[in-house]
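Me: I am new to this structure. Could you take me through a few of its features?

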Amino acid sequence: MLKRSRALASVAIIAVFTGMGAPVWAETLRDAIALAYQTNPSLLAQRANQRALDESIVQARAGLRPRLDITVSGNLTQDYGEVGPFANPYNDSASASIGLSQTLWTGGRIGHGISAAEADILAGRENLRDIEQTVLASVIQAYADVIRDTEILRIRQANLGVLQRQLEEASARFEVGEITRTDVAQSEARLAQSEADLANAQAQLSVSRASYAAVVGQSPGDLAPMPVLPGMPTDFDDALNVALRDNPGIRAAAYNLRAAEANAAAAKSEYLPSARLTASYGGSNADFDRISDIGESQRLTAGATVSVPLFTGGLNGSRVAQALERANAAQINVEGERRNTLQSVSSAYAQALSARSSLEAGTEAVRAATVAAEGVRQEAQVGLRTTLDVLNQELELRNAEITLASARRNEYVAQANLLAAMGRLEGGDLDPTLTVYDPADNYQRVRNRGALPWDGVVETIDRVLAPPVVPANDAADAPIDQQLKSEIVQTAPRD
């Protein structure tokens with residue numbers, strides 16, 4: 001891990017100061033996604049957190065199984081008499097025992113605890129999906145930034161070459177008296193500005209390359225053109241419907257609500273009795289000197305215990321009230337996530353349409369500016385245009401080309417953000433050939449760790465007569481408010 005971090009830091013430094021990376025691993029967007037999917041620290045850390053969360057189901061199901069304890073004790077007692085502490089003999093004793101306890105029924109505390117753990121794990125998987133989408137959106141943005149800044153650097157380099165030739169031509173014409181010294185100075189000023197713009201473009205490309213190396217894990221080389229992103233919606237309604245169903249934030253909030261409701265039911269179970277079977281086997285001796293006699297005074301005890309809570313000083317009532325309020329908060333968070341998703345989808349969709357319009361306008365602007373620049377150059381050769389006219393038109397052409405490069409990047413990133421808001425920017429969505437990490441594999445591997453044949457029987461018994469799981473609010477699982485949805489749909493941008 002340390003070697004990998006040092007290598008990545010070295011790549012980033014090289015990208016910043018030289019603009020040239022080490023041998024390239026990721027040449028296409030699919031390669032970049034695959035590499036980030038396997039090595040991105042944020043994604044790997046979240047997967048580890050999810051595996052840690054999977055252990056909660058093992059801990060919850062441990063209550064279904066017996067508990068075995070071994071107890072060994074020794075005691076020394078000194079009697080104090082009237083004639084002094086050492087006038088009376090002291091007594092010593094020793095004991096050893098092994099105890100077994102099997103829970104039979106807890107009023108649903110174990111069963112509801114298992115349900116809450118399962119819901120928490122499902123919510124964790126949605127959080128993992130969210131982190132994965134965030135990382136892949138960063139990969140796409142970094143990829144598009146490098147392509148944009150590479151194109152801008154090429155434009156700046158081409159502009160510098162044109163202005164150098166323009167200055168040479170202006171100097172030659174000045175020597176023969178066709179133009180004035182002012183024309184030459186104008187060409188020199190534009191050339192100096194072009195050199196500064198080129199330096200800025202080189203610096204920006206280095207920044208983008210370093211950002212790419214940080215998120216992907218490898219410095220970029222000559223990147224292939226940006227491919228079409230799969231799964232783009234046909235209209236706003238389609239995007240919104242998919243998002244309300246698949247957005248990880250909404251799904252995680254729903255699972256958190258389920259867990260909170262299960263915890264509230266478990267808190268109510270504290271009012272109910274609990275029953276368990278107990279057994280112990282061991283022996284004792286009243287003299288350390290005859291410790292071996294413990295084996296001669298053995299006894300076996302077996303029985304059943306029923307515990308009924310009568311008074312807890314308000315503890316149980318407070319826990320129930322606390323759990324119910326947490327369930328209410330979880331229900332409110334579901335609606336909050338729905339509204340956040342509506343905002344995200346609407347914003348991303350509008351940005352995608354705006355960027356598309358800018359791209360179309362930019363394409364036309366470059367075409368027109370190219371024709372105009374060529375015309376002005378030809379007119380200047382016959383004296384119909386001044387040097388300043390040529391320089392201004394050349395500047396307008398380069399600005400149009402830069403605007404077009406930025407528009408391509410903005411449209412692509414907006415499309416990626418829209419897919420992320422919809423919940424459709426996972427590794428498998430972008431690359432069907434990618435070996436996808438499935439968090440359910442680890443869950444299935446650890447779920448039954450330490451299981452015993454009667455686990456299912458004990459769980460079934462524990463759920464009998466247990467307090468049911470009551471929704472925090474009957475409207476919690478209802479579709480999103482139709483009036484709010486219709487208002488957003490009406491104001492959403494259209495193609």
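The questions below concern a predicted model.

Me: Is D69 buried, partly exposed or exposed?
Reply: D69 lies in strand 1, which covers residues 67-78. Its relative accessible area is 35%. Buried means under 20% and exposed means over 50%, so D69 counts as partly exposed.

Me: Which residue has a side chain joined to that of D69 by a polar contact?
Reply: D69 touches S97, I98 and G99, leaving aside residues up to four places away in sequence. S97 is 28 residues from D69 in sequence, with 8.3 Å between their C-alpha atoms. The polar contact between side chains, at 3.3 Å, joins D69 to R67.

Me: How are helix 4 and helix 12 oriented: roughly parallel, roughly perpendicular or roughly antiparallel?
Reply: The axes of helix 4 and helix 12 (residues 455-463) come within 7 Å and cross at roughly 105 degrees. Angles of 65 to 115 degrees count as roughly perpendicular. Helix 4 is therefore, relative to helix 12, roughly perpendicular.

Me: How many charged residues are in the contact of helix 4 with helix 12?
Reply: Helix 4 contributes R109, I110, G111, H112, I114 and S115, while helix 12 contributes E459, D462 and R463. These residues divide into two nonpolar and three polar, and the charged ones number four.

Terms used:
Residues are numbered from 1 along each chain as its sequence is written. This is a predicted model: local features need pLDDT of at least 70, side-chain atom pairs count only at pLDDT 80 or more; totals for chains, interfaces and linings use all residues. Side-chain values use heavy atoms; hydrogens and water are left out. Helices (H or I, at least four residues) and strands (E, at least two) are DSSP runs, numbered from the N terminus. Buried means under 20% relative accessible area, exposed over 50%, partly exposed in between (1.4 Å probe, protein chains only). Contact means heavy atoms within 4.5 Å. A polar contact is a pair of N or O atoms within 3.5 Å; within protein, one must be able to donate a hydrogen and the other to accept it, and residues adjacent in sequence count only if both atoms are side-chain atoms. Axes are lines fitted to C-alpha atoms, for helices over the stretch in contact, and angles run from 0 to 180 degrees between N-to-C directions. Angles under 35 degrees count as roughly parallel, over 145 as roughly antiparallel, 65 to 115 as roughly perpendicular and the rest as oblique. Ala, Val, Leu, Ile, Met, Phe, Trp, Tyr, Cys and Pro count as nonpolar, Asp, Glu, Lys and Arg as charged, and the others, Gly among them, as polar.
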